[in-house]
Amino acid sequence: MRPRNGLRPGLLLVFQRELAWLRRRRPGLLMLVTLLPLGLMGLLMAIFSAGLATRLPIAVLDLDGSDLSRAIVRTVDATPDVAVAQRVADLADGRRLILSGAVHGLLMIPRDLERDVKAARRPEVVFFYNTQTLSTGNLVLRGVNNAVPMVAAGIRLSLRTAQGQPMDAAQASLAPIPVQIHGLFNPTMNYVHFLLAALLPSLLQVVVVVASAYSVGLDVETRHRLAILRRLGGGLWPAMAGKVLPYTILSLMVLGIADSVLFGALELPLRGQRGILLLAGILFLLACQLLGVLLALFLRSTAMAVSIGTLLTAPAFGFMGIGFPRLGMDPFAQGYGALLPGTWYLTARIDQTVRGTPSDLSWPPVLTLAAFVIGLAGLAAWRLEGLRARRTAAVHGGSAP
């Protein structure tokens, strides 16, 4: 007999049992699967909602005090990346401000700058910044690099025209081979488009693996292990499917809510195929769940399964190729990243959102996620059959499991 919704009676029974346990006996697990990721995602969205960091404060040490040095300071302050927040009297004050975090860089204009420029010498404007703060350091460096050459080019152009050189010839001599630069996919360096969209799957991967390991581990580590669950479900596979199905539905809801905010309120572009993105998301969640199930089946101790699951997935963001390209990593880092479902889901996600990759080129990461699901499901089936065989042998007088 089958219910009208097409689910097997045993699967439905375990599904209802797990929902009842979530409501009555495991409110902490329910919060872990729903409220915790949603709360953390909301916090991350609030942090990165501006999209682009602008007007980052820097300090200026002007040792020249000339019209040219003031023009440089005004031009730097006019760029969208930086803002001249303080003026200092010496390098020690500037260093102290950088170390304290009050400013992100120090622009030092040397003495006799204007005199050396007019004498056709090559004076240097020096910029100090903290390379440990990679994002802010690169942003303030970009702002200064855009402003100072602009002023220098204007000075050289004025000097050449003052010497009688025609304007067209002077401009051509300053930039004989102009270079057009076009940033692809995320030209504005919007943090919502690449960093926030990558942090959310990383967070969800940790939550799904830990929740699956914990929920399955509670049944595996009991004295009768999976005997009661198997009896309720009419078999280990229907019972296991009914057990993880509530968490699959809840995780899909969390991912759907997060994506609704990203694509709606924060205007993350969706240049690819919605169907491919949805399929990749489902396969990603199933792979993470099966990874947690596998940890619980092999380790048996719930605490150990949760600890190992956290250890495997917590540092995953560093190996996904967002802050550092995967092609530049050593073999261990590349292999570690390739063994995590989140790496391939993130690739598929970027393909369908920011890059707008054509459909025929979008399938490799999706197929890799499918291989994860099939492979992990096969290992889980092999382990379940082993546990069933050992249980049967114990019942019939064999060795205890």
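**Strands, core and helices in the predicted model**

Strand β1 (residues 56-62) runs parallel to β3, and the two pair over four bridges; strands here are DSSP E runs of at least two residues, helices are H or I runs of at least four, and both are numbered from the N terminus. Pairing requires that DSSP finds at least two bridges between two strands. This is a predicted model, so local features need pLDDT of at least 70 and side-chain atom pairs count only at pLDDT 80 or more, while totals for chains, interfaces and linings use all residues. Residues are numbered from 1 along each chain as its sequence is written, and side-chain values use heavy atoms, with hydrogens and water left out.

On its other pairing, β3 meets strand β4 (residues 126-129) in the antiparallel sense, again over four bridges. L107 takes part in both pairings: it is the bridge partner of V60, and its own bridge partner in β4 is F127. Five of the five residues of β3 (residues 105-109) are buried, so the strand is largely enclosed by the rest of the structure. Buried means under 20% relative accessible area, exposed over 50%, and partly exposed in between (1.4 Å probe, protein chains only). G105, L107 and I109 point one way from β3, while L106 and M108 point the other way, and all are buried.

Now to the nonpolar cores, each a set of buried Ala, Val, Leu, Ile, Met, Phe, Trp, Tyr and Cys residues joined through side-chain atoms within 4.5 Å. The largest has 82 residues, of which I72, V76, L196, L200, L204 and L262 touch the most other members. Helix α9 gives the most to this core, with 16 residues. Another core, of eight residues, lies apart from it and includes L61, I98, V103 and L106.

Leaving aside neighbours within four places in sequence, L204 is in contact (heavy atoms within 4.5 Å) with M41, S251, V254, L255, F284 and L285. V192 sits in α9 (residues 191-220) and counts as buried because its relative accessibility is 2%. V192 and L52 are 140 residues apart in sequence, yet their C-alpha atoms are 8.1 Å apart in space.

Just after α12, R300 takes a positive phi of about 65°.
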